[in-house]
Amino acid sequence: MCICINCHYVDACSTYHAVEHQHQQPHLTDSPTFEAKEPTINVNIRQAGEIIEMEWDVVGCLSFTQEIGRWANLRPGELLPT
Ligand code: SF4
């Protein structure tokens, strides 16, 4: 799971914006203004028959600033992104 969902910058961050794009999720912002320092992205590739899925997760980031439930508070009632 992406650490960004509990990060203060999730709705302003260009890296998380790119992760949303890869997951074809709606963006929290259309114009990110925050540049994360040294984010580390883990890419998992799964194949099920002819379908190839890619999952992108930020697993480390020097800019990470913990705010538990930040994403959930911005999108009340929605399932957390995987
Ligand atoms: S952890 Fe880093 S990449 Fe993720 S939202 Fe926060 S600043 Fe952006």
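This note goes through the predicted model point by point, from the whole chain down to single residues.

1. Overall layout. The protein chain contains 2 helices and 2 strands, and when it is read along the sequence these elements follow the pattern α-β-β-α. The radius of gyration of the protein chain is 13 Å, which is close to the 12 Å that the globule rule gives for 82 residues, so the chain is as compact as a globular protein of that length. Taken along the principal axes, the C-alpha atoms of the protein chain fill a box of roughly 40 × 30 × 25 Å.

2. Of the 82 residues in the protein chain, 18% are buried.

3. Strand 1, which covers residues 40-48, pairs in the antiparallel sense with strand 2, residues 51-60, over 9 bridges. As one example to find in the structure, threonine 40 stands opposite glycine 60 in strand 2. The two strands form a hairpin with 2 residues between them, and glycine 49, in the turn, has a positive phi of about 65°.

4. Exposure of strand 1. Does strand 1 lie largely in the open or is it buried? The number of buried residues among the 9 residues of strand 1 is 0, and therefore this strand lies largely in the open.

5. The surroundings of the ligand. The ligand is surrounded by 14 residues, and the closest of them are Cys4, Cys7, Cys13, Ala36 and Cys61. By residue type, this shell divides into 12 nonpolar and 2 polar residues, with no charged residues.

6. Cysteine 13. One of the residues closest to the ligand, Cys13, is placed in the segment before helix 1 (14-22). Why does cysteine 13 count as buried? The cut-off is 20 or more other C-beta atoms within 10 Å, and cysteine 13 counts as buried because it has 26 C-beta neighbours inside that distance. Leaving aside neighbours within four places in sequence, cysteine 13 is in contact with Cys4, Pro32, Phe34 and Ala36; of these, Cys4 and Ala36 are also listed among the residues closest to the ligand. Cysteine 13 and glutamate 35 are 22 residues apart in sequence, while their C-alpha atoms are 5.9 Å apart in space.

Notes: Residues are numbered from 1 along each chain as its sequence is written. This is a predicted model: local features need pLDDT of at least 70, side-chain atom pairs count only at pLDDT 80 or more; totals for chains, interfaces and linings use all residues. A residue is near a molecule or strand if its C-beta atom, placed from the backbone, lies within 6 Å of it. Ala, Val, Leu, Ile, Met, Phe, Trp, Tyr, Cys and Pro count as nonpolar, Asp, Glu, Lys and Arg as charged, and the others, Gly among them, as polar. Helices (H or I, at least four residues) and strands (E, at least two) are DSSP runs, numbered from the N terminus. A residue is buried if 20 or more other C-beta atoms lie within 10 Å of its own, exposed if 12 or fewer, and partly exposed in between; C-beta atoms are placed from the backbone. Two residues are in contact if their C-beta atoms, placed from the backbone, lie within 7 Å. Two strands pair if DSSP finds at least two bridges between them. The radius of gyration is taken over C-alpha atoms; the globule rule is 2.2 Å times the number of residues to the power 0.38.
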